[in-house]
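Biologist: I'm new to this one. Can you walk me through it?

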Amino acid sequence: MEISVFADEIDRYDPARAIALAADWGVSHVEVRQLEGGRFPAVDDSELAAFHARIRDAGLGISGVSPGFFKGPLDDPGIDDHLRESLPRACEWALRLGTDRMSCFAFERTAAPHPPASVVDRLGQMADVAAREGCRLALENEAVCWGATGAEAAWLIRQVGEDRISLCWDPGNSARAGTASPYPEEYEDLRDLVSHVHVKNFDPETGAWSLAEEGLVDWPGQLHALSADGYSGFVVVETHLDISPDAFEVADEGFKGLAANSLRNLEYVRSCLGMSGGR
């Protein structure tokens, strides 16, 4: 199991600073989502090339890319264009960056009790395009989309076929979607589908994101179970928390907020896995 951090969860506006801090923290990889000019890959080739150069110069790798496909309405007229143009471009640049891992979503949730059959059809199309272009697609469970919880996402994946798409397991998102026990109960029924993991936590009492060590998700138990199951992929710190809840500050760095919380979550994950880090 390897640890990564979303670069834009270290600094949302300055990728160069995010990469430098990630290197200082001793991580081997970062995850790519938001760049200075927009969300990957919807920026100029020159910006992607400059980002790649910074990553390479820092001695880091890329654990995966998160282009945000397809989080909007199922009836969005631009979906076919995304399948024909945006998804292949994302795969092309993911491979240039050194990864074939890409997450996606299952469209904006509606008031219907169950996802329409067309959601499964579209997910299958996405998976097939990604595979044709050399990438592996993982469906991320997301509270505002179909597949909000791990159980719902697992159902969709099994409809599409586990050989075509896997699960980007986000217990924090599942907690936000209303699951009382992402681990251990929910995990038992999806453990065979997990190919990528996002680490954040959620506090149902406040309705807000929390530090990984403080929310509903039992991260020590979840990480131990992943290890016991032989999971060899990435666990990616995705903090989502801007405010330092207890005035946590790194004295020799002089920063607070998102970067400090990401470092704190990184150190917590390392401690749960019995790892050490830093340079």
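Modeller: One term to begin with: contact means heavy atoms within 4.5 Å. This is a predicted model, where local features need pLDDT of at least 70, side-chain atom pairs count only at pLDDT 80 or more, and totals for chains, interfaces and linings use all residues. Residues are numbered from 1 along each chain as its sequence is written, and side-chain values use heavy atoms, with hydrogens and water left out.

Biologist: What does His196 touch, leaving out residues up to four places away in sequence?

Modeller: Glu31, Ser63, Arg101, Leu167, Cys168, Trp169, Tyr231, Phe234 and Val236.

Biologist: Is His196 buried or exposed?

Modeller: His196 is buried because its relative accessibility is 4%; buried means under 20% relative accessible area, exposed over 50%, and partly exposed in between, with a 1.4 Å probe and protein chains only.

Biologist: Which side chain makes a polar contact with that of His196?

Modeller: The side chain of Glu31, at 3.0 Å. A polar contact is a pair of N or O atoms within 3.5 Å; within protein, one must be able to donate a hydrogen and the other to accept it, and residues adjacent in sequence count only if both atoms are side-chain atoms.

Biologist: New topic. Where does Ala228 lie?

Modeller: In helix H8, residues 219-228. Helices (H or I, at least four residues) and strands (E, at least two) are DSSP runs, numbered from the N terminus.

Biologist: And why is Ala228 called exposed?

Modeller: Because its relative accessible area is 62%.

Biologist: How far is Ala228 from Arg122?

Modeller: They are 34 Å apart in space, C-alpha to C-alpha, and 106 residues apart in sequence.
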